[in-house]
Amino acid sequence: MHIDPILSLGIIFISGFLILRFINKVRLPAITGDLILGIIIGEEFLNLVSRHLLSASGVISNIVLGLIAFSIGRNFLVDRFRKIGKNVFLISIFEALGTWIVVTVAFHFLLKQPFYLSLIFGAIASATAPAATVMVIREYRAQGLFTNVLLGVVAIDDAWCLMIFSLSLALARTLALHLGGTLLLFEALLKGILEIFGAIGVGIALGFIFSGLSTLVRTQAGLTLYTLGFLLLSIGIALHLHLSILLTAMVLGATVVNLLKEEERFFASLKSIEYPLYLLFFVLAGANLELVSLKHVGILGAFYLVTRVVGKIIGARIGAIISRSPKNIQHYIGFGLIPQAGVALGVALIAKANFQRVGGLIMDTIIGTTVVYELVGPIVTKWALSRAGDIKKKI
Amino acid sequence: MGKVKDVMKRDVITVTRSTNLRELLQKFKDFHTFPLVPVVEEKKLVGVVKLENICKVFQPKEPEILKTLHFIDERPVNIFEVDTPPEMGYLVLVEDIMDTRFITVEEEDNLNDALSKMRLNNLIQVPVIDKNKNLVGIIGVFDIIKNLFMERGII
Amino acid sequence: MLNVILSLGLIIIIGLLSSRIFNKIKLPSVTAYIVCGILMGPYILNLISKNVLNASGLVSNIALSFIAFSLGQNFTLYRLRRIGKSVFAISIGEVLGAFIIVTLSVWLLLGKPFYVAIVIGAIAPATAPAAVVMITREYRAKGTFTDTLLGVVAIDDAWGIILFAFSLALAKTVAGTHGGVFATLFPDLLHGFMEVFGSLFLGFILGGIFSYFFRFLKTPAHLLIYVIGFILLTGGLSIEFNLSVLLSNMMLGATVANLSKTENRAFEILKGFDPPIYLLFFVLAGANLEIANLTELGLTGIIYVLTRLPGEMLGAFLGALVSKAEKRIKKYIGLGLAPQAGVAIGLALLAKAYLPKDAGEMILSTIIVTTVIYELIGPPLVRIALERAGEIGSSD
């Protein structure tokens, strides 16, 4: 059925509005509602999403990811960061590494999978999707040390995952395809570092330009355009240079907030356009979920699900203990890191491109597990925030 | 949950249609901010004057219809350069600058609905009317919040 | 080739920068965006990704939907009364004048098919309010002439859109038939009329639903999504049912405005959201300009340029006469209506989407070129009009 894209958008927004308005009656986060809406109107059921929209999903998701990262970056005021920097740093390193190790080891020794395949799954497992976590925090107006640390961890862990993935990929290729050797590994490490520093560099450079020219903006409309424009530029450049969108946008946000005294008017101007974009993002994410792939989850998938969660919780906990974080962080921070989504898929795609034989297997498994994580993740995050005490109960 | 009439301020400074600019400004000469000023005609609420209405005297009139075309540039006005002769104080009447279409709440409305209405319309205070459209008071977001704090024993 | 997002980012930043520059030399932002589009487009710098260019029609549709919706709010008794008799009469006169003269010239003088002629004719009355506003502000024009001029230039876009909707509806039908115009004139007219009526009906129904459920809104976020949703729904359903996107959205706006007891925030909240859409719209309008065709303006273009302004002036004069306007208004108001810009291009883009390939492309190229011409000669003419009417204030 060929539906016009504008009609599709209209349907998405109106039904999205209904969800937004009435979702609190079901005690689920709004984004879960949007995801389910997306699934329902997607190709597998009502098929109300225009082809054009579906093919634009990638663009929209990159833009929204950048938006979210940008707003996370806003939290990184240098003095505030001094307080939680150590915790964030340690927790994120440990949970990323921890997950990687746990999943790799479990796959290899318990499931008897070839080492290189286990490595890949381990690397994919370390990725965390920030979008869901951030949206849940906003919706429930979670506030507190736990929330700040969680945001920090979720943001920074992308950097670690980049490195981990780069390394794992290189290692796997060495082992499986007998290509190169230590040189390749070194190259991979270098590439990972370059990506990270490249992203940081672009973010800082754009941040300086943004701040420098900021006095040119005099009108309300101008504010929105200026901020949006720079954001899109940062995402676009990151894409062009194959850098991490998340990091670039986040560093842009962090640079701006630290350089500009009047930063609020810029960040606030995005408020007038962000809700429709977020709505679109999550609904399309749902529409792109292939529920059928749930059947491919199988043993591999189930194992992946379980071991990843274990890795996250244990790794994060160790990091929290070492950095002497408060008890509530120690106990619950791992749960906040459960959501996994597009990031995993992107990474899995790269893996697939590199390994013809097992590529398909990896993709199918990851697609299936992503479905589970996307649906369950937000709910678990909300639970964690609640238990940690950062969501105040309604009186 | 209380009603608007329990929390609103009944003692309101009002003006009439024919109040001129000079009298209007005199009433608020010692105020630090310009509140919402209801315009009444024999107890009935017929208009409101807000800060933005007063600022309008600095801008030469452009047809309202232009505001519906959003892609036209916003008008930058340097109020210090605008020519404002003293006669303006007598010639400009409330009638010329007031809003004739405005948001209100009724005294019997409950506070939650009133607050929602204010939030939705980006207002911090609204006039309160009774069933016959007579002005009975004025209520602001702060009044509602204060009331909440009082009920919870915080003040 | 630049990726989509980078393209978009560049469009916005460069657009913003140029609008600041243009504002300094007293030209409106809209013009800046169009010029940006020309420069960044495929014929010069080629900075716009192909995917973005291909979305021009879509962006056009959406932007025009928003414009039509916002214009719709003027159709309440309260506002119509404040518009004034002479503005009414002059705007209607001007629109009809341009329409009739251009259509007849293109059809009879040039021998182009009837349906092409009425579409071009319907685009002719579109005036660029932005340019006129800029001039009046720059020269600090004040007085009844200025007020009338501004009123006319704003409302005539509404009439123009209505006229365009009807013409396009008719043209869509006629284009499909063969044989002489008059053979199928009556059923075609009926068909066109039904499309118009259908659009109004759709807008009305959706407007009613909008107003009825409005009470459920609690936050500005709700409101924004709700409004955008309805506009897109209206537009989308119009497309599905082969109705006029513009008319139905205008009717949606009018219905909502009439059914709400107070100034509806629905219209205002769009102001925060639409700047990026309009910027993209005008930039893409410029990007679609085929520089190559600029040199071969063609007979159609020439006739259009020569007949549009006289048509407008004549119609405006008659309107002023009928409403007993002042002498100087009668004499010069038509001249003040010269500028034409983005909206005309948007309409031409719509025409291209709905008419047979050749016709649509010809209309688009013609309109784009003539728009540039009128954007250049328009502003000086407006200034002359203001001067002759004696309302140029003390300019420095």
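1. Which residues does G346(C) touch, not counting residues up to four places away in sequence? They are S60(C), A63(C), L64(C), F281(C) and A285(C), where two residues are in contact if their C-beta atoms, placed from the backbone, lie within 7 Å.

2. Please keep in mind that this is a predicted model, in which local features need pLDDT of at least 70 and side-chain atom pairs count only at pLDDT 80 or more, while totals for chains, interfaces and linings use all residues. Residues are numbered from 1 along each chain as its sequence is written, and chains are lettered from A and ligands numbered from 1 in the order in which they are written.

3. G346(C) is found in helix α17 (residues 342-354) of chain C, helices being DSSP runs of H or I with at least four residues, numbered from the N terminus. G346(C) counts as buried because it has 27 C-beta neighbours inside 10 Å, and the cut-off for buried is 20 or more other C-beta atoms within 10 Å. Although G346(C) and S60(C) are 286 residues apart in sequence, their C-alpha atoms are 5.7 Å apart in space.

4. Between chains, 38 residues of chain A are in contact with 34 residues of chain C. On the side of chain A that touches chain C, α10(A) gives the most, with 15 residues.

How values were computed: Helix = DSSP H or I, 4+ residues; strand = E, 2+ residues; numbered from the N terminus. Buried ≥ 20, exposed ≤ 12 C-beta atoms within 10 Å, placed from the backbone.
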